[in-house]
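Me: Got a model I'd like to go through with you. Can you take my questions as they come?

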Amino acid sequence: MTFSGLTESFAFLKDSIKFSDPMTQTNSEWVEKMASLSRLELTSGEVERLGEQAQRILQYVDQLGEVNTDGVEPLIHPNEVEISFRKDEASPSLSSEQKEEILASAPEVFHEGYRVPPVL
Amino acid sequence: MKALNISDLHQSYLTRTISPSEVVRELLSRIDQSKTNSFLTVCRERALAQARDLDVLFENSKQIEELLEKKPLFGIPIGVKDAITVRGVRTTAGSRILENYVPPFSATVVNQLEQAGCVILGKLNMDEFAMGSSNENSAFGAVLHPTHPDRVAGGSSGGSACAVREGLCSFALGSDTGGSIRLPASFCGVTGVKPTYGRVSRYGLIAFASSLDQIGPLSLNVEDSARVLEVISGKDPMDATSAPVLVRKYSDFMKNQTDLSSLKIGVPKELNEGTFDPEVENSIQEALRWFESRGAKGIEISLPHSKYAISAYYIIALAEASSNLSRYDGVEYGQRKKQKTGGGLEKFYSSTRSLFGEEVKRRILLGTFCLSSGYYDAYYKKACQVRRLIRRDFDQAFNQVDLILSAVSPSPAFRLGERTSDPLKMYLSDVLTVPSSLAGVPALSVPSGENREGLPIGLQLIGPSFQEERLLQIAHCFEKGRV
């Protein structure tokens, strides 16, 4: 069986799925809102493509709605062992020893700091 | 030079038929001639200097055996996925935004391997920020399949799998978030291991999804993966999620005959039914019959929530990615897009971040949505609850069986461009690898055969947490027995 077959086998899910955003946003409005929250600049072509694709992906993942998760504790992290804290002791950091090496990767440098364009 | 696997190369050193520098020079020239685009950066001078240092040890050593004991990976030439930092060597993570980034520190695994005697030849191509299943999302061009140039090498560690298969290095480091080591390993016909989450330090691995990412080896055979894993495993003070679990000498488990007669192999019906390329299905069935012919018992089991794994995985991975990738603001490192003065701080950030490729943007948008106010419970929290149920499925299965067997991918390497226009279809390439990623358990890909066109097929073996030794031992046994 091929991949189109694989997606077909999930096709039954699509019938039971509604578009994830109950608001009457268009795809483009949705993308623009998310892009602004994520600080992403998009071309108009990207807005169109990403909106359509995102909608399809969200429709697909809405299948999780069928799973009964009442009372199930979310698993945020696979190692649920207690994280042990280290002692709060000062030790040399990268920056004190390798200033030049670190600054070499910066887009713009001014003396020993990062330079950014005026934004106000 | 004979084969590049560790024991053959060490044999050549023992008989002094070749020196580390000669090996490195030969491979650098092979890399120059390669047309698969698997290397993004070749660190020629650095590698030659490392090799010269090893030459000195080599020439001054009366007993090469002792040298190999002290440095278990002495003179082994390797490639490193470009998501893993090597001090002083450009590290891009396959992204324009890090095109000029030269990290001031090496990943813990890199320090460990260099300490053990490895020579780093260069940095390997990958999907941008490890986001992809075909390596077509690299900002620096796709990796071509090593034997079928019209096919993908698999992703996201495509450069790693391809370089090993092509004979450009002995082994490579990759990283696996939802299948990114196993999938390219199966497509290219090499061995690839995703260790238990927490087995290997992630310090110096450029983060994609921190609760899933794990570094692991891609190698010419199972024994080599074991030998690498025993060097890079263990607790690292620089990574709070690395686990303080005893590291065994994994390769020792391969020295003796393995009795398979008491082995119970789980065959999950959800990962083995209906949705396969018939040649892949045959190959996996044959692998199971091989184990059964050695006395192992195949037992049908159920992982009932695995059909929800892709959904849970993409929500969790994208949510974590949107958070992790917020650090690319164009201030401290990486590229900044030229812009006119003014426009405010937000404009400054967003214009720089437009350097991300389209797949990365898609994932950030979706991840931001899944974490956004009003949708967090319905998406992120729900996915984490389903993740718990998936983990329980595995816990229950491992009460019944020693390991779980399935294919790595429902199909062999697909054609370049075949799935690029349909992201969901691309995401479904990972349908067999993400359940174990969500559960955090170790899994590997070992070649199980080829289809009629000569495309490799990979067998996936999944084991209980921190039981890499058994998993590797059984995979080694399968590999040897099938030759």
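Me: How many helices and strands does chain A have?
Reply: Chain A has six helices and two strands. These are DSSP runs, helices being H or I with at least four residues and strands E with at least two, numbered from the N terminus. Along the sequence the pattern is α-α-α-α-α-α-β-β.

Me: What should I know about the model and the numbering?
Reply: This is a predicted model, where local features need pLDDT of at least 70, side-chain atom pairs count only at pLDDT 80 or more, and totals for chains, interfaces and linings use all residues. Residues are numbered from 1 along each chain as its sequence is written, chains are lettered from A and ligands numbered from 1 in the order written, and side-chain values use heavy atoms, without hydrogens and water.

Me: What share of chain A is buried?
Reply: 34% of its 120 residues. Buried means under 20% relative accessible area, exposed over 50%, partly exposed in between, with a 1.4 Å probe and protein chains only.

Me: Over to chain B. At what angle do α10(B) and α17(B) pack?
Reply: About 100°, with the axes 11 Å apart. The helices cover residues 278-293 and 468-481. Axes are lines fitted to C-alpha atoms over the stretch in contact, and angles run from 0 to 180 degrees between N-to-C directions. That makes α10(B) roughly perpendicular to α17(B), a label for 65 to 115 degrees; under 35 is roughly parallel, over 145 roughly antiparallel and the rest oblique.

Me: Which residues meet there?
Reply: A287(B), W290(B) and F291(B) from α10(B) meet I474(B), C477(B), F478(B) and G481(B) from α17(B). Contact means heavy atoms within 4.5 Å.

Me: Now β5(B). Which residues point which way?
Reply: T191(B) and V193(B) point one way, G192(B) and K194(B) the other. All are buried.

Me: What does G192(B) pair with in β6(B)?
Reply: L218(B) is its bridge partner there. β5(B) and β6(B) pair antiparallel over two bridges; pairing needs at least two bridges found by DSSP.

Me: And in β10(B), what stands opposite G192(B)?
Reply: S445(B). Three bridges join β5(B) to β10(B), also antiparallel.
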